[in-house]
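Below, the terms applied to a structure are put to the test one by one. Each question asks what a label rests on, and each answer sets the value against the cut-off.

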Amino acid sequence: MKNEEVARLLREMGDLLELQGENGFKVVAYRRAARSVESMKTDLEEVSRQGGLESIPGVGKAIAAKIDEYLKTGKIESRERLFRETPPGMAEMLSISGLGPKTVSMLHQKLGVSTIAELEAAAREHRVRRLPRMGPTSEKNILRGIERWKKRSERIPLGVALPIAEEILGRLQKVTGIENLSLAGSLRRGMETVGDIDILATSSSPEAAIRAFVELPRVEEVLMKGATKASVIVDETVQVDLRIVDHRSFGTVIQYFTGSKEHNVKLRSLALSKGYSLSEYSLTRVADGEELFFGREEDLYRHLGMEWIPPEIREDRGEVEAALSGRLPRLVEVSDIRGDLHVHTDWSDGLHTMEEMVSTAQGFGYEYMAFCDHSHGLAIANGLAAERLFEKMELIAGLNDQVEGFSILVGTEVEIRADGRLDYPNEVLEGCDVVVASVHSSYHQREREMTNRIISAMESEHVDIIGHPTGRKIGEREAYEVDLERVLEAAARTGTAMEINAHPSRLDLNDRWSRRAKELGVKLAINTDAHSTCGLSAMEYGVKTARRGWLEKGDVLNAFGLRELLSHLGRG
DNA sequence: GCCGTTTTCGGCCCGACTGTTTTCAGTCG
């Protein structure tokens, strides 16, 4: 599919047009078209053959012609021209925070600066401060912006952002006058990575709240601080924004700042069709200009004729339509989780004993847990030879007699070998209550090979769950080449569950594929893959991902009670 | 550049904050 490439080119053209001082709406138009093309499910070439490019939202005559030109010739003449007129390094300068198109073009015109490196040199030589509307402070800010840009990390993993956010929320909670303290943005939506941390609150004394915020011990730099909002940097690169907002508008404000942008666009146009204009401050009746205020998000959604939509699914992927017709899913919650079906102990590469893991799990109120240590083929993780697994089974039987109201299940995380065979013979697998099968080797197989490999594991009657089905590690390692659509079809056919591995660096399956699995009638197991007692608390990340995938309690294997689970696994 | 069941022209979000000014332009979300 050429869609992604076309989206990239359009977005780039938007940047270049902006640098040339083009009309801002034109710039936005290119970016909208890029987003639209990116989110399409059908191949652009197919759409173009049918003559339907202009039916893509945000794509009109002019952009359709450019897309067509690209599909036919492999390039876009007007883009080439933009590139000839604007040095390529300039677009990159826009990614320095504080620098916008106006400043970048001025720097280029007056100082001949066209790369970040040249800008840094100019600022160090104090050539920037002599320009109009520039001064020593802006010069210093540019240098700081460049420093941050140099050590910028990519997006922040949920597993990093959420603990930071919770610590900050905990401290702000104690500040006098603060109320309605809440996360917003992509973190509230539970995305697997976030750009920054957005916090909203109301307060009887905004100044005190802002002061307390910028003075938090974790804060390393204050980017800006006003009467009602402030931005700071914590942990070297993580930006945290706090906004103190008006009590009576809190509902519309938090709706607005939670996003996603796409969801908000949909909601605003829906409001318009009902005669209202929706802003972050109020819902205004167009007819007479009367403003309606909402202190609670729930009331805003209700006023627009729909149920309150959980933040995790606010992506304009059908949730507004579902809410309007009262067909929203009842998303699974952490409190629905009855156990963990993929946990390691010190028998293989885990840190803690079975007893320690059990007592932590009991603390979560779980009913059961499956110990799935590695099989012997994974020697690096001290995988268990069959004899040691048998030995462990006996020990588990003894432990089960000792604990009350809790069941320890015998499990294994068995290797799916490169040829698709499993690492234990059937006689061994038969003795297990839960078999998770995973790929940990030969990652670089071709897509066909890898897909067949996983499917042949699923065809074993003993395999219950495919562990971390794509092998990706966020920001570290790409997923292996695998045709997930075929894998999920096979899962539906063989009754095999897919794992949502809750480890924050995995979240595998991700939200989209989890939803696809559900559509195909495949069950999912949200497992922590914990290698220590603290690892068990990753469940919340997995549940967020499941919620983003529209999963309900009934879709999740480990939301089943023990009896129901065992009968589903064919062990009841 | 896109869009239209109030429109084929005139709209497209706008308020907070900063650094520079001495009343405001530029950036951000």
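This is a predicted model: local features need pLDDT of at least 70, side-chain atom pairs count only at pLDDT 80 or more; totals for chains, interfaces and linings use all residues.

Q: Why is Asn180 called partly exposed?
A: The relative accessibility of Asn180 is 33%, and since buried means under 20% and exposed means over 50%, with partly exposed in between, Asn180 counts as partly exposed.

Q: Why is Arg133 called exposed, and what is its phi?
A: Arg133 has a relative accessible area of 84%, and because the label exposed applies over 50%, Arg133 is exposed. Its phi is near 60°, again a positive value in a residue other than glycine, and Arg133 is placed in the loop between α8 and α9.

Q: How do you know that α8 and α9 meet, and at what angle do they cross?
A: The axes of α8 (residues 116-124) and α9 (residues 136-150) come within 10 Å and cross at roughly 140°, and α8 passes α9 in a left-handed crossing. The contact, for which heavy atoms must lie within 4.5 Å, is made on the α8 side by Ile116, Leu119, Glu120, Ala123 and Arg124, and on the α9 side by Glu139, Ile142, Leu143, Ile146, Glu147, Trp149 and Lys150. By class, the residues of this contact of α8 with α9 comprise 7 nonpolar and 5 charged, with no polar ones.

Q: Which residues of helix α7 are buried, and what do they pack against?
A: In α7, which covers residues 101-111, the buried residues are Thr103, Val104, Ser105, Met106 and Leu107. They pack against α1 (3-19), α6 (88-93) and α8, and α7 is followed by Gly112, whose phi is positive, near 70°.

Q: Why does a search of the whole structure find 0 disulfides, and how far is the sulfur of Cys372 from the closest cysteine sulfur?
A: A disulfide is a covalent bond between the sulfur atoms of two cysteines, and the criterion is a pair of cysteine sulfur atoms within 2.5 Å. The sulfur of Cys372 has its closest cysteine sulfur in Cys432, at 8.0 Å, which is too far for a bond, and for Cys432 the closest is likewise that of Cys372, at 8.0 Å. The search accordingly reports 0 disulfides.

Q: Are Cys372 and Cys432 buried or exposed?
A: Cys372 has a relative accessible area of 0% and is buried, while Cys432, at 2% relative accessibility, also counts as buried, because the label applies under 20%.

Q: What makes Ala361 a buried residue, and which residues does it touch?
A: The relative accessible area of Ala361 is 0%, and because this is under 20%, Ala361 is called buried. It lies in helix α17 (residues 354-363) and, leaving out residues up to four places away in sequence, touches Tyr366, Met369, Phe406 and Leu536. Its C-alpha atom is separated by 7.8 Å from that of Gly339, 22 residues apart along the chain.

Q: Why is Arg338 called partly exposed, and where is it found?
A: At a relative accessible area of 27%, Arg338 falls between the 20% and 50% limits, and is therefore partly exposed. Arg338 is found in the loop between α16 (319-324) and β11 (339-343); beyond its neighbours within four places in sequence, its contacts include Tyr366, Glu367 and Phe560.

Q: Which peptide bonds are cis, and what is omega for the one joining Gly259 and Ser260?
A: One cis peptide bond joins Gly259 and Ser260, with omega about -5°, and Ser260 is placed in the loop between α13 (250-258) and α14 (261-273). Another cis peptide bond joins Asp508 and Leu509, with omega about 5°, and Leu509 lies in the loop between β16 (497-501) and α22 (511-519). Most peptide bonds are trans.

Conventions: Residues are numbered from 1 along each chain as its sequence is written. Chains are lettered from A and ligands numbered from 1 in the order in which they are written. Side-chain values use heavy atoms; hydrogens and water are left out. Buried means under 20% relative accessible area, exposed over 50%, partly exposed in between (1.4 Å probe, protein chains only). Axes are lines fitted to C-alpha atoms, for helices over the stretch in contact, and angles run from 0 to 180 degrees between N-to-C directions. Helices (H or I, at least four residues) and strands (E, at least two) are DSSP runs, numbered from the N terminus. A crossing is left-handed if the near helix is turned anticlockwise from the far one by less than a right angle, and right-handed if clockwise. Ala, Val, Leu, Ile, Met, Phe, Trp, Tyr, Cys and Pro count as nonpolar, Asp, Glu, Lys and Arg as charged, and the others, Gly among them, as polar.
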